[in-house]
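Subject: Structure handover

Hello,

Here is the structure for you to look over. My notes follow below it.

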Amino acid sequence: MKILLASHNAKKIQEIQEIFDLPGVEWVSAAAFPDVPEVVEDLLTFEGNATKKARELALATGLWTLADDSGLEVEALHHAPGVFSARYAGEPCNHANNNAKLLRELAGQTNRAARFRCVAALSDPTGRVETVSGSCPGRIIEEPRGTKGFGYDPLFVPDGYSQTFAEMGNELKNKMSHRGQAMRQARDRWGPLLARKLDKFPT
Ligand code: IMP
């Protein structure tokens, strides 16, 4: 049974595979379908974008497709960068520039509260979609720390910890992260269904 992961981000794909850990499933990256156009993430919610990505790629490939959309919401910035997290400092996605912009926007700000959010969407080959979500509260520190992970990881310290996501590495990060939570829900909710190798969601 093949399931398409709607992402080109190798680190993200690795994180999802580690969490999902479904025997008998061959995960295929979107990179395996160079002719299928990239889905434009132009909706204003994580749920909208994850649903759109999963549905469009499932319809284009005929495969069950798992997509996620995630980002950082910062309280003092009215939940920015949100769905614009990847392109906060402009296109194309540049993590160093995004982090520098975030620190500029928060200069002098004492409220550093933030949370990562993730919505995972599974589409069957007919385009019917279900979603689950996860969120991880924490705070933005003043200077980047750590070299593991990606994106805003060097600036984000989850509640109850003193290390940034970029200092702790995938194994600990996955236990609490927004994506970890969403993917464990995804595994619990959809794993048994996918193991039955159905051609669509049961009605
Ligand atoms: P997308 O879900 O691939 O659209 O990711 C959106 C952006 O949110 C990424 O490019 C990162 O900037 C940020 N992001 C999402 N999840 C994480 C994470 O686990 N760590 C750090 N940054 C993240």
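P92 lies in the loop between strand 3 and helix 3. (Helices, H or I with at least four residues, and strands, E with at least two, are DSSP runs numbered from the N terminus.) The peptide bond that leads from E91 into P92 is cis, with omega near -10°. P81 also belongs to the loop between strand 3 and helix 3. A80 and P81 are joined by a cis peptide bond, with omega about 0°. H79 is found in that loop as well. H79 is not a glycine, yet its phi is positive, about 75°. For context, most residues other than glycine have a negative phi, and most peptide bonds are trans.

Please keep in mind that this is a predicted model: local features need pLDDT of at least 70, side-chain atom pairs count only at pLDDT 80 or more, and totals for chains, interfaces and linings use all residues. Residues are numbered from 1 along each chain as its sequence is written, and side-chain values use heavy atoms, with hydrogens and water left out.

Now the ligand. It is surrounded by 16 residues, and the closest are K12, S70, D153, K173 and R179. (A residue counts as near if one of its heavy atoms lies within 4 Å.) By class, this shell has 4 nonpolar, 6 polar and 6 charged residues. (Ala, Val, Leu, Ile, Met, Phe, Trp, Tyr, Cys and Pro count as nonpolar; Asp, Glu, Lys and Arg as charged; the others, Gly among them, as polar.) Strand 3 (64-74) and helix 6 (178-195) each supply at least two shell residues. Strand 3 gives the most, with 3 residues.

D153 has one 2.6 Å from a ligand nitrogen atom. In the side chain of R179, an N or O atom is 2.7 Å from a nitrogen atom of the ligand. The protein covers 91% of the 480 Å² of accessible area that the ligand has on its own. (Areas come from the Shrake-Rupley method with a 1.4 Å probe.)

Where does the ligand sit? In the largest pocket. (More than half of its atoms must lie within 2 Å of the pocket's grid points. A pocket is an open set of points on a 1 Å grid over the protein atoms alone, where a 1.4 Å probe fits, with protein on both sides within 12 Å along at least five of seven lines; lining residues have an atom within 4 Å of a point.) The volume of the largest pocket is about 1000 Å³, taken as the space filled by probe spheres set on the points. Its lining has 38 residues, with K12, E41, K53, D69 and A86 closest to the centre.

Best wishes

Technical notes: A polar contact is a pair of N or O atoms within 3.5 Å; within protein, one must be able to donate a hydrogen and the other to accept it, and residues adjacent in sequence count only if both atoms are side-chain atoms.
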